[in-house]
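Here's a quick briefing to read alongside the model. Have the sequence and the 3D view open as you go through it.

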Amino acid sequence: MPADVKNQKFTMLFDWFDQGGDGVLTHDDFRAMGALFGRLAAPDDRENVSAMRSAFEEWWRVLLARGDANGDGQIDRKEFLDLMVADITAPEHFEKAVLAIADALMRALDTDHDGVLSKDEYVRMYDALGIPPVHSEDAFRRLDRDGNGAISHDEFRTAITEFYLSSDENAPGNWLIGPIQQGS
Ligand SMILES: [Ca+2]
Ligand SMILES: [Ca+2]
Ligand SMILES: [Ca+2]
């Protein structure tokens, strides 16, 4: 069921973002996510480090401004799911928060600067971001839509857009942070 697929994906995202593990999202969690992503970039790559940090700050700003329904300065699971379905996916927020991270992440991961992600470059993301690497081969195969052995910038953006916007349970982009639970 379409709504369930999105709820499952955003539930996985919530658990991942909750770096402190206390069941609510706070500014600290988003700072931690920004730092986690920033560590993927080379130490002298200030541009991408600061782009990822700013994008997570922007994401937190939108969440707090529009999603903190009970006004306690934190985002609980229900507030997050409601906002993600309704609002972060609005074009102006999506571009500034989500796709800004995607673009900086892609540049940081592309360590040989050939404009595409090889399997090695892609798989490195899993370890560094704390996503179980066991599914990385599957994900790579699905995200490499034209099957040329590399993930292009377009393929990467498409995957991320599908992860956030698609209600299709078979969308390859659903695999971005691991398999969603089917049929639960
Ligand atoms: Ca709240
Ligand atoms: Ca590359
Ligand atoms: Ca490809």
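H113 is exposed, because its relative accessible area of 67% is over the 50% cut-off. Bear in mind that this is a predicted model. You'll find H113 in the loop between α5 and β3 (116-117), and its phi sits near 55°, a positive value in a residue other than glycine. Most residues other than glycine have a negative phi.

- Is E121 buried or exposed? E121 counts as buried, because its relative accessibility is 6% and the cut-off is under 20%.
- D114 has a relative accessible area of 46%, so D114 is partly exposed.

**Helices α5 and α8**

- Helix α5 covers residues 91-109 and helix α8 covers residues 153-165.
- Their axes come within 10 Å and cross at roughly 140°, which means that α5 is oblique to α8.
- As for handedness, α5 passes α8 in a right-handed crossing.
- On the α5 side, the contacting residues are F94, E95, V98, L99, A102, D103, L105 and M106.
- They meet H153, F156, R157, I160, T161, Y164 and L165 in α8.

**Helices α6 and α7**

- Helix α6 (residues 119-129) packs with helix α7 (residues 136-143) at an angle of about 130°, and the axes are 10 Å apart.
- α6 and α7 are therefore oblique to each other.
- Here, too, the handedness is given: α6 passes α7 in a right-handed crossing.
- Which residues of α6 and α7 meet? From α6 come K119, Y122, V123 and Y126, and from α7 come S136, E137, A139, F140 and L143.

Notes: Residues are numbered from 1 along each chain as its sequence is written. Chains are lettered from A and ligands numbered from 1 in the order in which they are written. This is a predicted model: local features need pLDDT of at least 70, side-chain atom pairs count only at pLDDT 80 or more; totals for chains, interfaces and linings use all residues. Side-chain values use heavy atoms; hydrogens and water are left out. Buried means under 20% relative accessible area, exposed over 50%, partly exposed in between (1.4 Å probe, protein chains only). Axes are lines fitted to C-alpha atoms, for helices over the stretch in contact, and angles run from 0 to 180 degrees between N-to-C directions. Helices (H or I, at least four residues) and strands (E, at least two) are DSSP runs, numbered from the N terminus. Angles under 35 degrees count as roughly parallel, over 145 as roughly antiparallel, 65 to 115 as roughly perpendicular and the rest as oblique. A crossing is left-handed if the near helix is turned anticlockwise from the far one by less than a right angle, and right-handed if clockwise. Contact means heavy atoms within 4.5 Å.
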